[in-house]
Amino acid sequence: MDIQLIATDLDHTALQPDRKTFSPRLNAALNAAHRKGVAVLPITGRQFFILPPAVHKDAEWAGLVVLSNGGEVRRLTDGALLSGHYLEGDTLYSLLSAAERLGLPIELSAGAGLYLTSASWESQRRTGGPLRFHLDDVLARFGHETADLRAFLAGSPKVDKVNLPYVPDELRREAERTLNALPISWFWSGPQAVEIAHQNASKANGLLEACRLLRIDPAQAMALGDSGNDVPMLKAAGLGVAMGNASPQAQEAADAVSAPFDQDGAALAIERYVL
């Protein structure tokens, strides 16, 4: 297969356990692929302002990046928005009401920050361990406390994503039923965390949009991923490769399985199928 584009998830796929860096082997593989004329496309649930140091404008391979699980496509070099899908109006108010009814913390991603009430913030602090990275590395830098999320929405912000950072196991089924009844796209991004985006936002659609902009046939794309929100992308690409640590759903959706992310699974896949 003539691979012309590498679409890679970040957390638990390309990034090291520190969630900030690529391994030297992966850096070398990405640069070698770029020199061969292959486009490199990070596809992530992260927003532009939360991209890790490994994904930066001066990277040799820097091109396009798909954010918020397909909610946005931007140029990495200058952050220019090329396409976007945003949650609006009644859908957002329904999500707020559902979170209140279920007693779940909720965050709205808009602009360059995450907006949440003090009650949501305190709820996450009490949960502690499972949310340590989110609390210390994300909210500490980009969290904005607001007294009233409905008042915040009255200003018509562009909300690219909504997080339910902690859904207790006993509320999982009820949360799923509630989310399935709304016109949204949603995924389990972790054992107890949900990410919500516009109904047209998915990593698959983000991949297809990037391929359109780059004039690359999706059949010539290789996708790398590990979790539920990667499944559509793994199926949409000509070659889907799951990491060895991937969920059963991701491995089933993939055409091949590489080593785990912390054993250079992404680099090994690029070396085998591209280089």
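Two strands count as paired if DSSP finds at least two bridges between them. In this predicted model, strand β1 (residues 5–8) meets that criterion with strand β12 (residues 221–225): four bridges join the two, and they run parallel. Within this pairing, Leu5 stands opposite Ala221 of β12.

β1 and β12 belong to an open sheet of five strands. The strand order is β2-β1-β12-β13-β14, and the pairing is parallel. The edges are taken by β2 (39–42) and β14 (256–257). Each has a single partner strand, so one side of each is left without a neighbour in the sheet. Helix α7 (residues 203–214) lies across β1, β2 and β12. The helix runs at about 150 degrees to β1.

A second open sheet contains six strands, in the order β8-β7-β6-β9-β11-β10. Here the pairing is mixed. β8 (143–145) and β10 (184–190) are the edge strands, each pairing on one side only. From one strand to the next, the twist averages 25 degrees. Phe187 has Glu195 in β11 as its bridge partner.

Helix α2 (residues 89–102) touches β6 (107–110), β9 (159–164), β10 and β11. The direction of α2 makes about 10 degrees with that of β9. Helix α4 (residues 132–142) touches β6, β7 (113–116), β8 and β9. Its direction makes about 95 degrees with that of β7.

A hairpin is formed by β4 and β5, with five residues between them. Strand β4 (residues 72–75) and strand β5 (residues 81–84) pair in the antiparallel sense over three bridges. Glu72 stands opposite Gly84 in β5. In the turn, Gly79 has a positive phi of about 75 degrees.

Helix α3 (residues 118–127) includes Ser120. This serine is buried, at 7% relative accessible area. Beyond its neighbours within four places in sequence, Ser120 is in contact with Pro105 and Ile106.

Aromatic pairs number four. One of them joins Phe22 and Trp61. Their ring centres are 6.4 Å apart, with 35 degrees between the planes, and the pair is tilted. Phe22 lies in the loop between β1 and α1 (24–35), and Trp61 in the loop between β2 and β3 (64–67). The pair therefore ties together parts that are 39 residues apart in sequence. Both residues are buried: the relative accessible area is 8% for Phe22 and 5% for Trp61.

Tyr115 and Phe152 form a stacked pair. Their ring centres lie 4.3 Å apart and their planes meet at 25 degrees; planes under 30 degrees apart count as stacked. Tyr115 is in strand β7 and Phe152 in helix α5 (residues 149–153). The pair thus links distant parts of the chain, 37 residues apart. Phe152 is buried, with a relative accessible area of 19%; the cut-off for buried is under 20%.

Two arginines lie over aromatic faces. Arg74 lies over the face of Phe48, at 5.9 Å from the ring centre. Arg172 lies over the face of Trp188, at 3.8 Å from the ring centre.

Conventions. Residues numbered from 1 in each chain as written. Predicted model: local features only at pLDDT ≥ 70, side-chain atom pairs only at ≥ 80, totals over all residues. Heavy atoms only, no water. Contact = heavy atoms within 4.5 Å. Axes fitted to C-alpha atoms, helices over the stretch in contact; angles between N-to-C directions. Buried < 20%, exposed > 50% of the residue type's maximum accessible area, 1.4 Å probe, protein only. Phe/Tyr/Trp six-rings, centres within 6.5 Å; stacked < 30°, edge-to-face > 60°. Lys NZ or Arg CZ within 6 Å of the ring centre and 35° of its normal.
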